[in-house]
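Here is a short briefing to read alongside the model. Take a look at the chains first, and then go through the points below topic by topic.

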Amino acid sequence: MSHFTSPRHTTMLRHGRNDLALHRLVDGEGPSLLLLHGLGEATPAEPPPSVAGAWRGPIYGLDFTGHGASSIPRGGGYTSETLVADADAALRHVGSAVLMGRGLGAYVAMILAGLRTEEVPGVVLADGPGIAGGGTEPGSPSIVAPAQMWEGTPDPWALAELATDVRPQDYAQAFARFILTAHPGRHPLWVCAHVRPPWLEAVVDEAGVLEGSIADALTDLERSLA
Amino acid sequence: MSETPDEPPAGGDGEGPTSVPLTAEQAGAFPGARRPDRRRRVDSSGVGISVVEWGDADAPPLLFAHGGFDFAETLNVVAPMLAEDGWRVVSWDQRGHGDSDHAELYSWHADTRDAAAVVHSTTDRAIPWIGHSKGGVLTMQLSEVLPHRVSHLINLDGLPSRRFVPDVAEQRNAMMSEAALGWLNHRATLEGKQRRPGTIEGLAKRRARMNIRMSPEWLQYLVTVGAREDADGWRWKIDPTLRMGGLGPWRPEWSMARLPGLGVPFLGVLGLQIEEMGWGTRPGDVEAYLPPGARFEQLDGIGHFVHNEAPGWWPT
């Protein structure tokens, strides 16, 4: 199989009233990998070495709504679930892909992988901004209204609203079970994050979830899909 | 352009080819209904919110929050009655509903912020708040967020319970997965989506599925104030990208946990006739959460839309 990098190519996807930037970072042969960044981040110019060295298929990266080169909505309204729909739009474009998410992107990746089990044969959850979320149940409510200290992305509304996103353990666990039961005989769910908020601890507790390095996870997933 | 998939195919709503459609003039009068006396717009961080008012502009204000998939002018009977009692009744179309802007994103945070913008535009004092259904849940949260703006709280069948949620985890997860996939598939078909056009009678019949206890005359009237007439027919104004239910971890008890700490007089009202648009809540689901001194009314023979079914019932 050949493996080569190509100039980053960006496709804009219309999703509802938002425009999403989907970047093709690497061409290659084999299953695709879709990278989902952390809260406030954007798709990197090129895949991190731990990813590029372990994956020989095409590698894509999505900028979530309000992040990177994607559009900024008026007046916020962000939820993790809207980002799941963003990633679903990217998945429709790519067709099928292993998902690898950092931080908030890890949570999003796991939910999408649990719902689109045919299109997502594996998922890797890694450390990154927004991994903790807003706890397992709501705290004292507030009016979320960030100071507009800069223009452009990341949208301050996204940073403020997505930081308080509630993630119950049994909710996360349900999606982990959807993933695990859909792919018997393989290990479709890898946790590579060192930081383990309660939702992620609950996921790790599920039988069949593997822990290890990003390189280990991607190598195993690519081998199992060959 | 695509049309909302949750609506029946043409003809399926009983619009006969030979029937003579009602006109807006014929359907636009309902006993006791009065359109708002004033309209204004509030900017909520770039999203335009339509605010309406009934009653004397100098009367003491009260805020009335409508439920999900409703709009402010569903209060066109009850709000004038309150205005007659001496109130300046202020309501608003939640984002994506009625005449407010269709937004790029929708969330509980955003609805809370929009409501705060409306109250801020209305008064700098504590005033009574009324909320129906989702509006009831919203006002319970706002009472904790903005206690200095709330003097009394009335909740009209906006007291969620887990009655419709299975006890068994597998069944619960299956229900969640089905709802989440439905929502995700809906999100995948948003491009160019618009509401299907129809006659006044046709739109009223579609809405009858959500308002099963309401009269055809009331629903036909609602079309004239909640839909717009295009060249090819009437369309509900509500954003076609919105969909009931969906993906997310929200739990009814999270909202009910706001109740015990309320520091203002509270009246909870429960319609005892179970409807799909409600939560199936029973009195026992509520009583444990009531704050000290609360008044709790259970209306026999009344469904979820208590303010429309029994607009004359009102606490003294």
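**Overall folds**

Chain B holds ten helices and ten strands. With a radius of gyration of 19 Å, close to the 20 Å given by the globule rule for 316 residues, chain B is as compact as a globular protein of that length. Please keep in mind that this is a predicted model.

**Chain B as a whole**

- Taken along the principal axes, the box filled by the C-alpha atoms of chain B is roughly 60 × 55 × 40 Å.
- Buried residues account for 47% of the 316 residues of chain B.
- Among the contacts in chain B with a separation of 6 or more, 75% are between residues 24 or more positions apart.

**Chain A as a whole**

- Seven helices and eight strands are found in chain A.
- The globule rule gives 17 Å for 226 residues, and the radius of gyration of chain A is 17 Å, so chain A is as compact as a globular protein of that length.
- The C-alpha atoms of chain A occupy a box of roughly 50 × 40 × 30 Å along the principal axes.
- Of the 226 residues in chain A, 52% are buried.
- For chain A, residues 24 or more positions apart make up 73% of the contacts with a separation of 6 or more.

**Where the chains meet**

- How many residues does the contact take from chain B and from chain A? Chain B contributes 32 residues, and chain A contributes 32 residues.
- On the side of chain B that touches chain A, at least two residues each come from α3 (108-122), α4 (134-145) and α5 (169-187) of chain B.
- Helix α5(B) gives the most to that side of chain B, with seven residues.
- By residue class, the side of chain B that touches chain A has 16 nonpolar, eleven polar and five charged residues.

**A mostly covered helix in chain B**

- Helix α7 of chain B spans residues 216-226, and nine of its eleven residues are buried.
- Those buried residues of α7(B) begin with B:Trp218, B:Leu219 and B:Gln220, continue through B:Tyr221, B:Leu222 and B:Val223, and end with B:Thr224, B:Val225 and B:Gly226.
- Which elements of chain B do the buried residues of α7(B) pack against? Their partners in chain B are the helices α1 (24-27), α6 (200-208) and α10 (306-309), together with the strands β7 (227-230) and β8 (233-236).

Note on methods: Residues are numbered from 1 along each chain as its sequence is written. Chains are lettered from A and ligands numbered from 1 in the order in which they are written. This is a predicted model: local features need pLDDT of at least 70, side-chain atom pairs count only at pLDDT 80 or more; totals for chains, interfaces and linings use all residues. Two residues are in contact if their C-beta atoms, placed from the backbone, lie within 7 Å. Helices (H or I, at least four residues) and strands (E, at least two) are DSSP runs, numbered from the N terminus. Ala, Val, Leu, Ile, Met, Phe, Trp, Tyr, Cys and Pro count as nonpolar, Asp, Glu, Lys and Arg as charged, and the others, Gly among them, as polar. A residue is buried if 20 or more other C-beta atoms lie within 10 Å of its own, exposed if 12 or fewer, and partly exposed in between; C-beta atoms are placed from the backbone. The radius of gyration is taken over C-alpha atoms; the globule rule is 2.2 Å times the number of residues to the power 0.38.
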